[in-house]
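Student: I've got a model open and I'd like to learn how to read its packing and its pockets. Can you walk me through it?

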Amino acid sequence: MTQQWTALMIGPDNDFDGAPLLRGEYHLDTGHGPVTEAVLHATALGVFTAFVNGTPVSDEVLSPGWSSYEWRLRYRSYPVIELVRADPQGRVALGLELGNGWYRGRLGSTGNRALYGSELGGLVQLEVGFADGHQQRIRTDETWTAGPSAVLANDLYDGQTIDARRYDTAWRKAGFTGEEWSAVHPVDFDTTRLTPYIGPVVRRQQEIRPVRAWTSPAGRALFDFGQNLVGWVRFDVHGERGSTITIRYAEVLENDELGTRPLRTAKATDRFTLSGGEDRFEPTMTFHGFRYAEFDGWPGDLVTESLVAVVVHSDLTRTGRFSCSDELVNQLHSNVVWGTRGNFLDLPTDCPQRDERLG
């Protein structure tokens, strides 16, 4: 059955550092009995994470991935009945976190940005069914509002900057009013370009601890994860409010320092400003190809137990395995498996680390 669209693609009047938040709040229709079904359809010009009543609707990342936006934009459909029922007053708070992604970030080795468009946008349509057969449709429109997130910069090649002092989850829940929030406006978009996913989404697949930590000749803290991988690092930290941790990523070492020369112009750098409390850092609007990570600004001792590498790729199902008596051949096969993991991030790509990463 073809999906019928009444939702508008909306964009924030204020771009909010390229990572705006969008929200709308509604009440469920009354007099129709309990909710019996609820499906959220969502997409974005950019990348998005969707929330219903304060909870993420999925564990996927970097949706809706990369498509030929001038011809098609994929949307995701999520069963959210329990999230819709979560508010005892029948309120429904919908939210989107937006980032640049492939749509507006750097793409290709020429340094070009915004190849598909200069404005981020989000589209949400929630279909709710009730016991008596009544249907309610909740959608993005001009009544939504936009506000700032904790993200100060985000780019697939260059990395992500997060200021934990700005982190606040209250906007995801019903009853929120934000002083810094502003209006949204419709973005010119033809909904006939919307198409459902036909392939696997991108998810966090596994976590890897560093196998070694040391100080480089230049005095920088380096970590070796023992394996080339694609994703990012995640860590919990407590430090002085306003201090900043900088993380750089690379696949190789050069003269016992982080070897960034093969990255060409890709900065592959994440920055995290501490709130002064207990912070968790995870940059989900970017990805890096790396084996080594370099840290600057960590408060206190930095040891291998301080962080993990989060491996990210399309949710592929492994259908076969191989081993033989020759360890070199086994290692070659392992290289093929890890090369596949690293280069299937929404679509097959040529490399996961430098200023290219093209399909």
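Tutor: Let's start with contact, which means heavy atoms within 4.5 Å. This is a predicted model: local features need pLDDT of at least 70, side-chain atom pairs count only at pLDDT 80 or more, and totals for chains, interfaces and linings use all residues. Residues are numbered from 1 along each chain as its sequence is written, and side-chain values use heavy atoms, with hydrogens and water left out.

Student: Which residues does Phe235 touch, leaving out those up to four places away in sequence?

Tutor: Its partners are Ile245, Ile247, Phe272, Asp279, Arg280, Phe281, Phe295, Trp298, Ser306 and Leu307.

Student: How do I read a nonpolar core?

Tutor: A nonpolar core is a set of buried Ala, Val, Leu, Ile, Met, Phe, Trp, Tyr and Cys residues joined through side-chain atoms within 4.5 Å. Buried means under 20% relative accessible area with a 1.4 Å probe, protein chains only. Here the largest core has 59 residues, and Trp102, Phe225, Val233, Phe235, Ile247 and Phe295 touch the most other members. Strand 18 gives the most to this core, with 8 residues. A second, separate core of 31 residues includes Tyr26, Leu28, Val84 and Val184.

Student: What counts as a helix, and how does helix 3 fit in?

Tutor: Helices (H or I, at least four residues) and strands (E, at least two) are DSSP runs, numbered from the N terminus. The expected span of a helix is 1.5 Å times one less than its number of residues. For the 17 residues of helix 3 that should be 24 Å, and the end C-alpha atoms are 24 Å apart, which agrees. Its buried residues are Asn330, Val337, Trp338, Gly342 and Asn343, and they pack against strand 16, strand 18, strand 25, strand 26 and strand 27.

Student: And pockets?

Tutor: Rolling a probe the size of a water molecule over the atoms shows where empty space is left. On a 1 Å grid over the protein atoms alone, a pocket is an open set of points where a 1.4 Å probe fits, with protein on both sides within 12 Å along at least five of seven lines; lining residues have an atom within 4 Å of a point. A volume is the space filled by probe spheres set on the points. The largest pocket holds about 920 Å³. It is lined by 39 residues, and Glu97, Ala150, Val151, Tyr167 and Arg172 are the closest to its centre.

Student: Which element gives the most to the lining of the second largest pocket?

Tutor: Helix 3, with 5 residues. That pocket's volume is about 250 Å³.

Conventions
Buried < 20%, exposed > 50% of the residue type's maximum accessible area, 1.4 Å probe, protein only.
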